[in-house]
Amino acid sequence: MSITNAQARQLKSLAHHLKPVVLMGNNGLTDAVLAATDEALELHELIKIKMAGSERDERKQLMQDICKATNAEPVSVIGATAIIYRANKDQPVIKLKAKPA
C-alpha cells in the first residue's frame, strides 16, 4: 500500500502533536529498534522515531529500511525525526482520505 500526497499531509497533521516513541541511538538500526518500532506501530499506527547522529541522506535511508522491515509506509522525515504509518490489521483507527479513482 502506498499513500498519496493528500494522505501524507493528513498523517503529518495527525503526527504533529505526537512525541517520538522510538529512539534510535548511535548503534543505528538494530533488532531492538525494529522490535520496538513494530510494537509501537501495532499500538499506535502512526509513530515518530527520533534518529540520533545521522546525516540527512542517512536518515532517509534509515526510514526506508525501517519501513521495509516493518511493512510500514514512510510519511516524512523532518530533521532527526521520522514519521511512519502502518494501519492496524484487525481494526484501523486512523481513517485515511480516499484515493482518487
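This is a predicted model: local features need pLDDT of at least 70, side-chain atom pairs count only at pLDDT 80 or more; totals for chains, interfaces and linings use all residues.
User: Why is α3 called a helix, and how does its reach compare with the expected span?
Analyst: A helix is a DSSP run of H or I with at least four residues, a strand a run of E with at least two, numbered from the N terminus. Helix α3, residues 56-70, has 15 residues. The expected span is 1.5 Å times one less than the number of residues; α3 reaches 21 Å from first C-alpha to last, close to the 21 Å expected.

User: Which residues of α3 are buried?
Analyst: Buried means under 20% relative accessible area, exposed over 50%, partly exposed in between (1.4 Å probe, protein chains only). Arg59, Leu62, Met63, Ile66, Cys67 and Thr70 of α3 are buried. They lie on the same side of α3 because they cover an arc of only 135° around the axis, taken from the directions from the helix axis to the C-beta atoms.

User: Why is β4 described as largely enclosed?
Analyst: Five of the five residues of β4 are buried, so the rest of the structure largely encloses it.

User: What makes β3 and β4 a pair?
Analyst: Two strands pair if DSSP finds at least two bridges between them. β3 and β4 have five, in the antiparallel sense.

Note on methods: Residues are numbered from 1 along each chain as its sequence is written. Side-chain values use heavy atoms; hydrogens and water are left out.
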